[in-house]
Amino acid sequence: MSKIHAAITAVGGYVPEYILTNEELTRMMDTNDEWIQTRTGIKERRILKGLDKGSSEMAVEAVKLLLEKRGISPLDIELVICATTTPDMIFPATANIICDKVGMTNAWGFDINAACSGFIFSLTTAAQFIETGRHKKVLLVGVDKMSSIMNYEDRAVSIIFGDGAGAVLLEPDTEGYGVVDSILRTDGSGRVFLHQKAGGSARPATMETVMNKEHYVYQEGKHVFKFAVKNMADVAAEIMERNNLTADNVNWLVPHQANKRIIDATAERMNLPMEKVMINIQKFGNTTNGTLPLCLWEWENQLKKGDNVILAAFGGGFTWGSTYIRWAYDTK
Ligand code: UT7
């Protein structure tokens, strides 16, 4: 019997309506449009507004769109994996909440937290359930409401992040399409450079942690940038080499959208012309777990069956990795 691959067979995405522009940020902190665009490539990002609205609000919209496009019922989904760093609450898992809101009552589910690499870590995890024959329909959601952990007085961090969600469906394929290979890495010593100091079991919320603003993202940008540029480019080059891919036969790079300069360095290392690189950082910023599926959602119509697609990400942890997919369908 031919090997079962996990193929992406549908994509959905959602970004909230509210647009936070660089211009609006200049009214909140000491920054300017020119600095933000030159240093990051970002012009604007989306923000989820409204009381008591968490990541699941956006995930639900992306999932509903996906199910409608694929023409299947919520009841057909067997497993939901939600990659997120900003779950609706610490527990239960946001995957549970999404299942409930969408009516995926036959599915089990769980969350994966690998910061900005969460989507590719989850893609590899999800693919196992298809490759082993355990499940036929696995839904993977990448979502973050980064605005919920952003200190809009911290100009070095808050300017890069935004809110958004993307979702992909994985189904079995026996013709060689789907997830072919992945390389995933972690280095926990990097946690000191990018983390949320309080709110976990080591440092639960107190008046003091709130007053000290320890529930926001803490990032030493320069250090993270240095590691991201090197590791994301290295791992993308490594997966190409290991699969005998060259710049000529790679059709698309789908990079994590943290900083346009990191994306450029990765493309350069792979020798790829920029027209093969999916970039939407200018309008969505860094949506953490949302970046990769939001790219696939936006570029879906341009992807062709058989295209060689390389995903690459780097994030807090540190975590990083790259996944090689042979794209499984043409969009009609
Ligand atoms: O997504 C997961 C992982 N995260 C990343 O990959 C992010 C990686 N890091 C970065 O993308 C960049 O480090 C940032 C965009 C966050 C910051 O850019 P940078 O070029 O590393 O700036 P910097 O922090 O080294 O600051 C350079 C200068 C400083 O001024 P002085 O000390 O040279 O006078 C900052 O105070 O720019 C200043 N600065 C700003 N100026 C205007 C920092 N942020 C801003 C700002 N507006 N928003």
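Let me start with Glu 238: it counts as partly exposed, at 32% relative accessibility. Partly exposed means between the two cut-offs, buried being under 20% relative accessible area and exposed over 50%, with a 1.4 Å probe and protein chains only. Before I go on, the ground rules. This is a predicted model, where local features need pLDDT of at least 70 and side-chain atom pairs count only at pLDDT 80 or more, while totals for chains, interfaces and linings use all residues. Residues are numbered from 1 along each chain as its sequence is written, and side-chain values use heavy atoms, with hydrogens and water left out.

Back to Glu 238. What does its side chain meet in a salt bridge? The side chain of Arg 185, at 3.1 Å from N to O. A salt bridge here is a side-chain nitrogen of Lys or Arg within 4 Å of a carboxyl oxygen of Asp or Glu. Arg 185 sits in strand β8 and Glu 238 in helix α8, so this pair ties together parts 53 residues apart in sequence. Helices (H or I, at least four residues) and strands (E, at least two) are DSSP runs, numbered from the N terminus. Arg 185 is partly exposed too, at 34% relative accessibility.

Now a second pair. Asp 181 forms a salt bridge with Arg 242, with the closest N and O atoms 2.9 Å apart. Again distant parts of the chain are linked: Asp 181 is in strand β8 (residues 178–186), Arg 242 is in helix α8 (residues 221–242), and they are 61 residues apart. Buried or exposed, how does Asp 181 count? Buried, at 14% relative accessibility. Arg 242 is partly exposed, with a relative accessible area of 46%.

Asp 264 and Lys 260 meet through their side chains in a salt bridge, 2.9 Å from N to O. Both lie in helix α9 (residues 260–270), four residues apart, about one turn of the helix. Asp 264 is partly exposed at 28% relative accessibility. Lys 260 is partly exposed, also with 28%.

How many salt bridges does the structure hold? 14. A network of them links Arg 70, Lys 137 and Glu 171.

Next, the sheet. It is open, with five strands in the order β1-β7-β6-β4-β5 and mixed pairing. Two strands pair if DSSP finds at least two bridges between them. Why is one side of β1 and of β5 left without a neighbour in the sheet? Because β1 (5–14) and β5 (108–112) stand at the edges, each with a single partner strand. Neighbouring strands are turned by 20 degrees against each other on average, direction ignored.

Look at β4 (residues 79–83) and β6 (residues 138–145). They run parallel, joined by five bridges. Ile 81 has Leu 140 in β6 as its bridge partner.

Helix α11 (residues 291–299) lies across β1, β6 and β7 (163–173), at about 85 degrees to β1. Contact means heavy atoms within 4.5 Å. Axes are lines fitted to C-alpha atoms, for helices over the stretch in contact, and angles run from 0 to 180 degrees between N-to-C directions.

Last, the ligand. 22 residues surround it, the closest being Thr 31, Arg 155, Lys 222, Asn 259 and Asn 286. The cut-off is one heavy atom of the residue within 4 Å. An N or O atom in the side chain of Asn 259 is 2.7 Å from a ligand oxygen atom. For Asn 286, a polar side-chain atom lies 2.7 Å from an oxygen atom of the ligand. For Trp 35, the distance from a polar side-chain atom to a ligand oxygen atom is 3.3 Å.

Conventions. A polar contact is a pair of N or O atoms within 3.5 Å; within protein, one must be able to donate a hydrogen and the other to accept it, and residues adjacent in sequence count only if both atoms are side-chain atoms.
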